[in-house]
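Good morning, everyone, and thank you for coming.

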Amino acid sequence: MNPTRKRRLVVISLILGAVGIAATLTVFALQQNITYLHTPVEVLAGKVPADARFRLGGMVKAGSIQRAGDSLKTGFTVTDGDADMAVEYTGILPDLFREKQSVIATGRMENGRFVASEVLAKHDENYVPRDVAEAMANAHKKHDIPEKKPTAQ
Amino acid sequence: MNSPTPDEAPPLLQARGLTYLRNDEPIFGPLSFRLYAGDVVLMEGDNGSGKTTLLKVLSGLLEPSAGTVLLNGEPLTLARLSHQVSLLGHLLGIKGDLSPLQNLRFAIGLGGLRPGITPHQALKSVGLEGYEDVPVRQLSAGQKKRVALARLLLVPAALWLLDEPYANLDRDGIALVNRLLELHALRGGAALITSHGAYAYTSGTPRRIDLRDTAVEQAA
Amino acid sequence: MNPLLLWFHKLGSPPYFYRLAGRLLPWLWGLALIGLVAGLYGGLVLAPADYQQSDAFRIIYVHVPSAWMSMFIYAFMAANGFVALVWRIKLSETLAMAAAPIGAAFTAICLATGSIWGKPMWGTWWTWDARLTSELVLLFLYLGVIGLYHAIEDRRQASRAAAFLALIGIVNLPIVHFSVKWWNTLHQGSTVKLFGPSLIDGRMLWPLLVMALATKLLFAASLLSRARVDLLELEAGKEWARQVALAGERT
Amino acid sequence: MSYGSSASACRALLVRDFSLVWRRRGDALNPVLFAVMVVMLFPFALGPEAAVLARISAGTVLVALLLAGLLSLDALFRSDLEDGSLEQLVLSPHPLPLLLACKILVHWLTTALPLIVAAPVLGELLYLPRDVLPVMMAALALSTPLLSLIGAVCVALTVGMRRSGMLLALLVLPLYVPVLIFAAGACNAAQQGLPVLAPLLWLGAALALALVLAPLACAAALRISLS
């Protein structure tokens with residue numbers, strides 16, 4: 001075999017080897033799941049260590065928002081459909097924060113409540129004109145169809 | 001490899017219509033010439049006439065804008081070329097922090113060793129006996145050049161490309177370079193040297209190539 | 001040679017490209033302008049307000065097209081860089097380097113509009129989520145390519161070095177695109193999908209598509225304008241460039 | 001005639017570069033000193049509160065090491081370029097990527113390794129929780145070679161320039177960011193008692209690719225820069 005070809009063979013097999021190793025490690029890495037946020041179910045199942053600061057993700061439960069009259073303190077419940085988690089936050093909430101809205105709250109657990117230092121509203125990828133949304137809501141009410149949940153994740 | 005008789009052998013180095021442009025300004029060329037085993041060719045040209053660039057193109061460091069370089073009749077690839085070419089540029093490629101011996105050992109590791117010579121012998125033949133273990137930094141400019149010349153002796157390359165080999169050398173040094181060139185030519189090597197004209201290869205009858213002259217075809 | 005290859009070959013010659021671009025440019029600028037006006041009017045005035053974000057959503061008519069352009073231009077730049085490195089085609093070098101500042105501008109617009117929108121909607125100017133971070137990295141890659149190009153004196157060597165950097169940076173493109181899918185983060189997923197139904201009402205969609213087209217035209221127009229100047233500079237010593245300069249003086 | 005094997009060329013290169021570092025062993029410690037200084041500034045700026053410092057300790061150490069590595073990066077090919085050894089390296093009959101891999105190895109061993117050895121001390125200065133230390137060391141072991149490899153490619157692109165400091169930082173940082181994110185991600189996860197394996201595996205995967213691809217890219221970049 002001439003030297004050029006031999007060299008090329010070595011390079012190609014090295015690259016293939018590296019890609020193989022990298023792919024294997026990637027497969028293992030994908031099995032471990034990197035979580036950007038945790039849902040209430042995961043928190044209640046004890047997947048988050050007690051004093052860890054983490055992001056809690058889910059939907060604001062309908063009718064759960066309680067605003068304190070004299071301060072910026074707000075309490076609400078975040079749900080992922082299976083479990084609920086009480087959240088406490090002091091500060092200005094984003095415009096999109098409302099009932100049935102996906103939110104991501106950063107903070108830690110204190111006495112069974114999640115005390116948030118930051119609440120971000122997650123927008124979903126659906127854009128619907130207001131009149132259409134109202135018409136749809138009316139139609140759903142009329143036919144008693146549960147409303148389509150905006151994807152929480 | 002079979003060894004054909006010298007008459008049939010393709011030239012050690014052949015340039016065909018070699019041109020180099022920088023920012024679309026021609027640096028040199030088109031240039032055509034051949035170098036056979038035993039040739040020592042002097043490349044003349046003023047400062048800035050592209051001698052250094054030509055040597056870089058011939059050594060494979062730069063790619064020509066047009067034309068081809070053939071080595072033993074085969075087109076240039078860096079891998080093949082570098083086995084057979086030794087370049088001594090303005091920058092000597094010598095580490096000031098290391099001794100001549102360490103520098104030479106590195107050069108041997110990189111380029112291989114010509115049979116029948118040791119680093120000590122090479123240093124002796126360039127007149128640096130006794131300086132083997134002195135850091136190169138403490139040597140004079142001419143002595144540094146001699147270390148680089150010792151490298152040429154050690155590495156088994158048939159073609160020497162020397163950029164201003166006489167610069168920084170005293171009369172003995174110039175004689176030494178000429179002696180080395182002669183020896184190299186006798187052994188079947190070839191050399192292309194540049195000079196801005198102040199010194200010249202005195203022994204033998206060196207062929208000359210003038211860089212100002214475009215399209216030189218030098219038949220041997 | 002087959003006609004398509006022949007055409008590409010011709011296109012690669014700077015004087016031919018210079019003349020062709022010169023003929024195309026007025027059309028491109030005109031169409032881009034019309035498209036921008038129509039798209040912005042459609043998006044900012046005609047499109048109905050969103051059920052959740054009301055009027056604030058209208059920033060997508062600038063934000064989303066610039067985000068698409070930031071990636072499109074990078075891919076364009078890297079593809080031309082590849083051609084420039086492999087086949088040494090001068091036109092590709094010029095196009096790649098002319099595209100870089102335009103791409104950087106679109107990326108900056110995308111980041112700025114996203115930030116302006118993020119403050120009222122999400123509740124933060126900036127968050128280190130995967131989409132935002134990778135888009136910021138994209139901006140730095142553009143800046144690196146531009147910086148490297150201008151730091152090297154020899155124009156052709158500079159464009160090859162910068163093209164090489166652009167090629168290395170291309171690993172970032174899939175990260176930008178898939179970041180919202182791979183990591184479950186704050187930034188929402190794609191609304192307009194190439195495959196499958198888009199998650200946006202038709203009345204809101206068409207201005208977005210018009211804007212997408214208009215930004216492409218805008219890119220093409222500014223790219224050709226820039227490339228023409230660069231080519232003229234690069235080929236200043238050539239006969240055709242001298243003729244162009246003389247013709248310019250005469251008129 | 002014997003041209004020598006590629007292995008002997010690598011050995012010669014390693015021997016030469018190590019003796020060069022040994023001749024200037026004082027300079028070799030500069031990155032470590034720099035990292036210690038950066039780390040020491042944080043308690044002054046943030047106050048000596050242990051809880052605050054412990055929270056940021058792993059990230060600070062990572063950033064300090066990254067910056068220290070960045071400082072020493074410029075020297076990777078600088079002296080070889082200035083004395084012409086780089087030309088000899090490029091012209092040698094052996095595969096340039098292999099030789100460059102050796103140079104990168106020397107760079108990592110002489111600048112990153114002392115930093116890794118110093119990392120526990122730096123962590124201690126910032127009250128790094130003891131149980132996070134092994135994870136941080138693993139993250140450093142995986143990320144510093146990655147930084148050296150990526151950095152070498154960028155240095156090769158800027159090698160011809162006389163003043164390349166800021167430009168080099170601009171080129172290198174976007175490529176360093178993902179490495180830093182995963183390394184810091186592992187440390188933060190460890191600090192909160194979350195699983196740490198995934199970011200480390202990602203770093204490992206990137207390292208496997210970079211070990212092969214970076215020397216090749218570095219050689220190509222160097223050829224462009226020297227032309």
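Which helix of chain C gives the largest share of the nonpolar patch? This is a predicted model, in which local features need pLDDT of at least 70, side-chain atom pairs count only at pLDDT 80 or more, and totals for chains, interfaces and linings use all residues. Residues are numbered from 1 along each chain as its sequence is written, chains are lettered from A and ligands numbered from 1 in the order in which they are written, and side-chain values use heavy atoms, with hydrogens and water left out.

The answer is helix α2 of chain C (residues 14–46), which supplies four residues, where helices are DSSP runs of H or I with at least four residues, numbered from the N terminus.

Let me turn to the aromatic rings. Phe76(C) and Phe219(C) have ring centres 5.4 Å apart and planes at 85°, so they form an edge-to-face pair; rings of Phe, Tyr and Trp (its six-membered ring) pair if their centres lie within 6.5 Å, and planes over 60 degrees apart count as edge-to-face, under 30 as stacked and the rest as tilted. Because Phe76(C) lies in helix α3 of chain C and Phe219(C) in helix α8 of chain C, this pair ties together parts 143 residues apart in sequence. Phe219(C) is buried, at 4% relative accessible area, whereas Phe76(C) is partly exposed at 22%; buried means under 20%, exposed over 50% and partly exposed in between, with a 1.4 Å probe and protein chains only. Together with Phe72(C), which is partly exposed at 36%, Phe76(C) and Phe219(C) form one aromatic cluster.

Terms used: Helices (H or I, at least four residues) and strands (E, at least two) are DSSP runs, numbered from the N terminus.
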